[in-house]
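Open the structure in your viewer and keep the selection panel at hand. The stops below go from one pair of side chains to the next, and then out to the whole chain.

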Amino acid sequence: MRTPYWLRALAAVAAATIVYFVGTRDARAIPSFARKYQTSCLTCHTVFPVLNPFGEAFRRDGYRFPSQNGSVDSDAVKANTTPMGQEEYTKTFPNSVWPDKIVEAVPLSVMFNGSIPVNFPASDAKASAGNVFTWSGIESELHLFGAGAFNDSLTYFTQLTLADSGSFDIETGYLLWNDIVGPRHLVNLWVGRLFAPQLTSFGLHSDYLTDTVQPAVSVAGLYNPSASFTLGQGHTDGAELSGIFKHRFNYALGWVASSAASGLKSPNAEDVYVHLGVKSGGVALDGEGKYGPNVPDPRKPWAEKSITVDAFAYHGLTRLDNGTGAVAGVGAASPVLQNDRFNAIGGVIHGQYDSLLITAGLQVERHDAPYQGTSGTANPTGSAFPGVPSFASATAVEQYDEIDYVVWPWFVPGVRVEYTRLGLDSSAPSLDPRNGNAASFTRVIPGVTMLVRPNIRLTVTGDFETAYGLPPAGSWGAASGQLVPNKFDSSTGKYAPNAFEAEQVNATLNVAY
């Protein structure tokens, strides 16, 4: 029996990857914070960018080392610094500029990301891409990071991104003013292009199998293809007040920019959110409670026995194109503004027992007017007749679970399940003939992530999908889906249920230096 082409291609990719990394003898992890503190990336990470308990405490503390016996962050810095003014200027302020220090060399780091999908031959992913395997995407993004501190309370974080499409973006750039008033870590203000709204107690990218902890599902995008807002995702302009009290409780209050579809002007900033979290057991949220900055077993810095519970609420506004200006066969039309205000609530439970990690999350979004209306019709004697907008509301539920096990500090297998259910309003235009019911999508992602070297990460995941019905946008792409659901059967008045379909195997490479 002849070996299938896709299997031979997958084997070739795996062999080439192994040969390449076996020959990579001298790779070292030395990104921004490693340079600043002259320490290994593994001080804060397991398989980067996932943070261990100490690393999460470092992030929550405003990118500062947790205190040991009353120490401050500068006590842990080993990079040389240059004074900006004399210390005596503090005595003559405000007649003098308050002095400060900066490191002699800006602590920069570089990371590039690449991803190679292998589509299964009979999958919808292969039908959409037109191939089983291609090298396209092996180098998709290049990031330049800069992070550090101006003093013991004012820190910064920046991220510039160059995509293979040629686009350049200031993806992240914000100042962190920590310990403003009261006890240490109680009141902090972060301003700028934030890494992410803090809707949980964990960093945006602290997930082993996918890019983010919360699912990358644009609910608005499932109802309206012009929308792209995704709850809990990063790189939003705004300000956030956050803090930790009694070592075990944390909060965040944020006000960030609202979003708009392409071609529409940005609205007034209306997005606000609140988050509350509590952690029992293990390293304290600020790394300064029981156990201090040390984990119970220093031989396993990732391991602890703990449970963290988070809850959040979010109110926002996104401007959509309601599609009523489009006319079939006439070409592109100017977008027609429709405001979609929404409210969301959610929660996450993160449990850990030594090397076993279990995460379960649920979030519900209620949108006031996410649907597109009907398209316009041609008028032979003049301007086209506009379509009719839809102001129907909609509710969506997203549920996600993940289980991971740290076999070795460089090798973590796991499996993740994401489920999205959309309520469909009977008065709204829809591609689903079962108006008034619901459409659902389930995605199962088994995989393994590993450190080939401390600064080189390889993640291999599978993608198995099933769906029942279509969202109003016409596909599950806004939920990272590739499956095309079975067609509506007019004889039964129902959709034929989909079996799970294997879509692809995806290999993702991250290199930091």
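Select D237 and R193 to begin: in this predicted model, their side chains form a salt bridge, with N and O 2.6 Å apart. Colour the two strands that hold them. D237 sits in strand β8 (residues 236–245) and R193 in strand β7 (residues 188–194), so the bridge links distant parts of the chain, 44 residues apart. Is D237 buried, exposed or partly exposed? Its relative accessible area is 35%, so D237 is partly exposed. R193 also counts as partly exposed, at 27% relative accessibility.

Next, select D354 and K305. These two form a salt bridge as well, and their closest N and O atoms are 3.0 Å apart. Again the partners come from distant parts of the chain: D354 belongs to strand β13 (residues 337–354), K305 to strand β12 (residues 304–321), and 49 residues separate them. With the surface still on, D354 is partly exposed at 30% relative accessibility, and K305 is partly exposed too, with a relative accessible area of 44%.

Hide the surface and select D73 and K36. Here the closest N and O atoms of the salt bridge are 3.5 Å apart. K36 lies in helix α2 (residues 32–37), while D73 is in the loop between α3 (53–60) and β1 (81–84); this pair too links distant parts of the chain, 37 residues apart.

Then select four residues together: R64, D179, R184 and E288. Salt bridges link them in a network. Side chains of opposite charge can pair when their charged atoms come close.

Finally, clear the selection and show everything. How many salt bridges does the count come to? The count is 14. Switch to a cartoon view, where the protein chain has 6 helices and 21 strands. Of its 513 residues, 48% count as buried. Among contacts in the chain with a separation of 6 or more, 64% are between residues 24 or more positions apart.

Conventions
Residues numbered from 1 in each chain as written. Predicted model: local features only at pLDDT ≥ 70, side-chain atom pairs only at ≥ 80, totals over all residues. Heavy atoms only, no water. Helix = DSSP H or I, 4+ residues; strand = E, 2+ residues; numbered from the N terminus. Buried < 20%, exposed > 50% of the residue type's maximum accessible area, 1.4 Å probe, protein only. Contact = heavy atoms within 4.5 Å.
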